Amino acid sequence: MVEYRFAAINSAGKPITGAITADSAREVKQKIKNLAEKNQLQIKSIEKKTTFLYKAKKGNEKPIKGSQKAFKKDEVVDALTRLNYQVISVNKVLLDFNMKPPTLDIVNFVKISAELLDQKLPYGEILTLLINDTQNKTLREALKDINAELKKGTDSQAVFMRYQSIFGKFTSYMLGLASKSGNMTEIYKATAKFLERQQEFKKSLKSALISPFVTVFVLMLAVLYYVGYIFPETANLFLRFGIELPPMTAFTLKFSNFLKDNILVILSIVFVPIVSLLYYFRTKTGKMFLDGMLMKIPVVGNLIHKTVIEVFCRVFYTLYSGSAESIEPIRIAAEASGNTYFEDKIKSIAIPLMIKKGVGITDAFTQCGVFTDTALSRFHSGEETGTIKNTALQLANYYESETVFKLKNIIELIQVIISMVIMIVMIMLTLVSAETATVKPKMPGM
């Protein structure tokens, strides 16, 4: 998140200033350009808010060092002077990179905040404590700015949404909503639970899908290196002496020569589709297609699908307050699911049906085609009895228990399969290498 301040003159000749924040400098400058064209402004200057390192002291006390964000060096000097500090030095940070903080740091922030809120500690004091204990620079600076804005009386929703590039869209929305609601502790607890489940699911999915693929990929590279470079050196040595090669050795040598003669074609066939797919999956359409396919792949896809529904139900339970106000919780819960295909079906089918035709929640969800029969049955029961909120929580807890148990079993099964694949490959390499020991050179005169 970057912030720029601009100075301009309007059509009446009066000077005005303003500040705009966005995810990138390019986006900020485009916003300023659009604002100038819309309101007939003549832009005079654009300044970026950057970090300054300062060193100052008060009286005979030991000098202190710190950092402060500002648009100009003079602003930092003036602020320190007003606090009766003698400024020793103020220098602009040349490489001011703010990487997004790790998910674990954000989870810890929300979780600790929920625990302290439960102990009736004022939120301002909680932020002060966490600012002092947070090690990540980006998160610490964000919390400082949030604390300062909240003390000024700025709307909490607007403040937290300004930092959605750090916390994420859903987390920012929930934390901003919590400050305005009468149930701040519960919303923080629900957000912490959501973030923990999201992190746990990503970790499990990585173990179930990504790690095996990486292992197999590295194994194949090792095999290709052996077959394409190391093995031919030995086999060709036998040929130079006119020694007949055993069957497996001869086949492996032919395969090695084929790889070397067609290496560019093989690499193109393998990597061009992979690169093309990766590029396609980065687009909005590709991301939606990928998320839809992930829920349909054998074994793991069913667990991914149920986890998405679990997250949706957990968020819906937190935000839902009555049938008359169900649209916004459904929209936010769909966005929080983390699956663009699931989100699109909810937004493009379920919500329009509920708004335009007055269709009930269960019927609207049925038309989406992204909910399981179990989920639809539970929503139908909850809608009839007026307990749809508690039904959503029960469904979330049920799917959490089921997916956690089954995913552990799948991970163990995949690890066993990978171990067997490695064993088979190593046995084949050993057999091919050992066969060379049976080579017998022709005796002289034979």
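Me: Which residues is E149 in contact with, leaving aside its neighbours within four places in sequence?
Reply: E149 is in contact with T154, V159 and R162, where contact means heavy atoms within 4.5 Å. The model is predicted, with local features needing pLDDT of at least 70 and side-chain atom pairs counting only at pLDDT 80 or more, while totals for chains, interfaces and linings use all residues. Residues are numbered from 1 along each chain as its sequence is written, and side-chain values use heavy atoms, leaving out hydrogens and water.

Me: Why does E149 count as buried?
Reply: Buried means under 20% relative accessible area, exposed over 50%, and partly exposed in between, with a 1.4 Å probe and protein chains only. E149 has 19% relative accessibility, and therefore counts as buried.

Me: What makes strand 2 (15–22) and strand 3 (42–48) edge strands?
Reply: The open sheet has three strands in the order 2-1-3, with antiparallel pairing. Strand 2 and strand 3 each have a single partner strand, so one side of each lacks a neighbour in the sheet. Two strands pair if DSSP finds at least two bridges between them; strand 1 (residues 2–9) and strand 3 have six, in the antiparallel sense.

Me: Why are the buried residues of helix 17 said to lie on the same side?
Reply: These residues are A375, L376, F379 and G382. They cover an arc of only 130° around the axis, which puts them on the same side of helix 17; the arc is that of the directions from the helix axis to the C-beta atoms. On the other side, D373, E384 and T385 are exposed.

Key. Helix = DSSP H or I, 4+ residues; strand = E, 2+ residues; numbered from the N terminus.
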